[in-house]
Amino acid sequence: MPIVNRISALHEEVTAWRRDLHENPELQFDVHRTAAIVAEKLKEFGCDEIVTGIGKTGVVGLIRGKTNGSGKVVGLRADMDALPLTEITGLPHASKVPGKMHACGHDGHTAMLLGAAKYLAETRNFDGSVAVIFQPAEEGGGGGREMVNDGMMERFGISEVYGMHNAPGLPVGRFALRAGPLMAAADRILIHVEGKGGHAAKPHLAVDTVLIASHIVANVQSIVSRNVDPLQSAVVSICAFNAGFTNNVIPQTATLEGTVRTLTPEMRDFVEKRLHEIVEGTAALFGGTARLDYHRDYPVTRNHADNAIYAGNAAAAVVGEEGVIRDTVPVMGGEDFSFMLEARPGAFIFIGQGDTASVHHPAYDFNDEIIPIGMSYWAKIVENRLPA
Ligand code: NI
């Protein structure tokens, strides 16, 4: 596998950075220590510009190539935030903070992009510039959206942008991606049911919100099973049901919370419309009312066709064509790199992390073995897209 010697030589150093980040996880936009380390290292590497505080706590470093005939700027993005989980790995570098852990490998993403930045700042073997983007709050906070809204693309003149995420279950030395939708739009729903509270022994005088909400939970399952074309994809999951406080009172209200995942704008509109019909119709059937708050959160992570080819080629330059799945099936998880892909052409890729615990599991740990592979991919993207 053609991993350049200089990148192999950085493996140990980058692993140490990764483990330090792992021991000190931070959540959402509150990634002050991580962002400070990133900025400090970018300075040490000799980045030409370093800007902090983009999208609240995001950091961008600009590295200029030996020449700038192309005038192009390639953006490479990593996420920095951890998750509100308590780690159970028992590893020497396990989280030192109870209730917080890097359970999605963003520590590895940050370390790999820092390593690539070090290599690129040393070699500068490209024509144009590279913007290394470190974003906060990928896990539900929309840090990617904040950075885009803060004018990051214009400020650095970014012409195309690439993102990478580790994938448990995908063997080490493999990459996977596809042109078009790779990850789903992730929307939040809140359903508020209003009935008429009363004595549990006199249900005929009440409008029972527990019964209404129960029917809503069951009825919304018909959207995916009966309304969506079986060859298309959608998810409707109700994950929280809150009603009542005791055994002998029919509660006045009930609330449901859940998530909707879709891969196209048409499907997104359709599921939202059916949810309104079912939620409101079901409540009316039992004499109550219900209101659906449909919150559009992360859009579809949609790879641009040309950039998916460039990303696949860069991956193939590292692991060989046989190591790259170029038509992987989409996953219904969400990813806020989607906001960057709405702003600029680009592509998102999965890097094999081997047979480990899944992301968001308390036994998960980023696989340090893949660090040189990820760093080499970043280097290849730059050297291919900005040939010296
Ligand atoms: Ni993640």
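A charge sits over a ring if NZ of Lys or CZ of Arg is within 6 Å of the ring centre and within 35 degrees of the ring normal. Select Arg385 and Tyr310: Arg385 lies over the face of Tyr310, at 3.7 Å from the ring centre. Then select Lys56 and Phe29, where Lys56 lies over the ring face at a distance of 4.3 Å from the centre.

The model is predicted: local features need pLDDT of at least 70, side-chain atom pairs count only at pLDDT 80 or more, and totals for chains, interfaces and linings use all residues. Residues are numbered from 1 along each chain as its sequence is written, and side-chain values use heavy atoms, with hydrogens and water left out.

**Aromatic rings**

A pair of aromatic rings is described by the distance of the centres and the angle of the planes. Rings of Phe, Tyr and Trp (its six-membered ring) pair if their centres lie within 6.5 Å; planes under 30 degrees apart count as stacked, over 60 as edge-to-face and the rest as tilted. The count by this rule is 6 aromatic pairs.

Select Phe175 and Tyr377. Their ring centres are 5.3 Å apart and their planes stand at 35°, so the pair is tilted. Phe175 is in strand E6 (residues 175–176) and Tyr377 in helix H10 (residues 371–385), so the pair links parts of the chain 202 residues apart. Helices (H or I, at least four residues) and strands (E, at least two) are DSSP runs, numbered from the N terminus.

Is Tyr377 buried or exposed? Tyr377 is buried, at 0% relative accessible area. Buried means under 20% relative accessible area, exposed over 50%, partly exposed in between (1.4 Å probe, protein chains only). Phe175 is also buried, at 0%.

Phe175, Tyr377 and Trp378 form one aromatic cluster.

**Two domains**

Colour domain 1 (5–184 + 300–385) and domain 2 (185–298); the bounds come from an automatic or database domain assignment. Their centres, taken over C-alpha atoms, are 37 Å apart. In contact (heavy atoms within 4.5 Å) are 21 residues of domain 1 and 12 residues of domain 2.

Finally, select Arg145 and Asp297, whose side chains meet in a salt bridge (3.8 Å, N to O). The term means a side-chain nitrogen of Lys or Arg within 4 Å of a carboxyl oxygen of Asp or Glu.
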